[in-house]
Amino acid sequence: MGIRMKRKQTLKQKAWLFLAGLVSLLPGGCGLPSSELHGLVKTSVQPYVSKAGFIVNKKLKRQDLVSARYGNFSAYAWQSQEPRELDVGLRYNHEFNERLSGWAGPVVWTYPGKDNPLGTRDVALEGGLNWQAP
Amino acid sequence: MLHGTVSRPFPLGKIGGLDATLTPTLQGAALRNYFGVSGVTQITPGISLKLEKPTKNGTFFLEAFGKHQFGNEKKGMEDHTYWGVGGGWAF
């Protein structure tokens, strides 16, 4: 008889697990062609810079993005340090033509810091248009 | 929240065997929320230099970027300048 370990997962861990599960289940589990699956893993670091253009915090903050797209639908998780924020969202994407594309979908913004005046969690609908010049 | 982005990539050829692209961008956002904040909140011009290495398993990339957010102070958004470096994998 094994020992069952109880370990409470944070919201961040749950979000990453959800996204990983979604990515792993999408093509194979549904019998759909995996060639339709596209993903993006991205991380960046940047110092916080004040409005006057001077660095006020030399500690680099990191931002990470993981997204998976299947057909017109995509899911993503994005997190940043200082201020702490974790966004998890779903999107419907549409390409109007070679230059213009758009997207819309729900997102959950989470602010782990207790001192954030915006609260700890918000749900929103977001949409966007991207136009790329020739 | 509605986002808008206009960009124009300028291919720079090869740098160190990697495909280089310089891309100026102009981003904007409009918000309408529970707190009664609505309208355009910020306009953010930026520029990025991207170095890409296409492979059969996707494209690996490195990126350096700079942005300046012109915030709408009436909406509680401040001006900010950001720059940074990053990297990733797209497949």
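Leaving aside neighbours within four places in sequence, with which residues is K42(A) in contact? The structure is a predicted model, in which local features need pLDDT of at least 70 and side-chain atom pairs count only at pLDDT 80 or more, while totals for chains, interfaces and linings use all residues. Residues are numbered from 1 along each chain as its sequence is written, and chains are lettered from A in the order in which they are written.

With those neighbours set aside, K42(A) is in contact with L65(A), G86(B) and G88(B); here, contact means that the C-beta atoms of two residues, placed from the backbone, lie within 7 Å. K42(A) belongs to strand β1 (residues 37–49) of chain A, where strands are DSSP runs of E with at least two residues, numbered from the N terminus. The C-alpha atoms of K42(A) and D64(A) are separated by 5.7 Å, although the two residues are 22 apart along the chain.

Turning to the two chains, 22 residues of chain B are in contact with 21 residues of chain A. On the chain B side, the elements that give two or more residues are β1 (2–7) and β6 (80–90). Of these, β6(B) gives the most, with 11 residues.

Strand pairing also links the chains. Strand β6 (residues 121–132) of chain A pairs with β1(B) in the parallel sense over 6 bridges; two strands count as paired if DSSP finds at least two bridges between them. Within this picture, N130(A) stands opposite T5(B) in β1(B).

Key:
Helix = DSSP H or I, 4+ residues; strand = E, 2+ residues; numbered from the N terminus.
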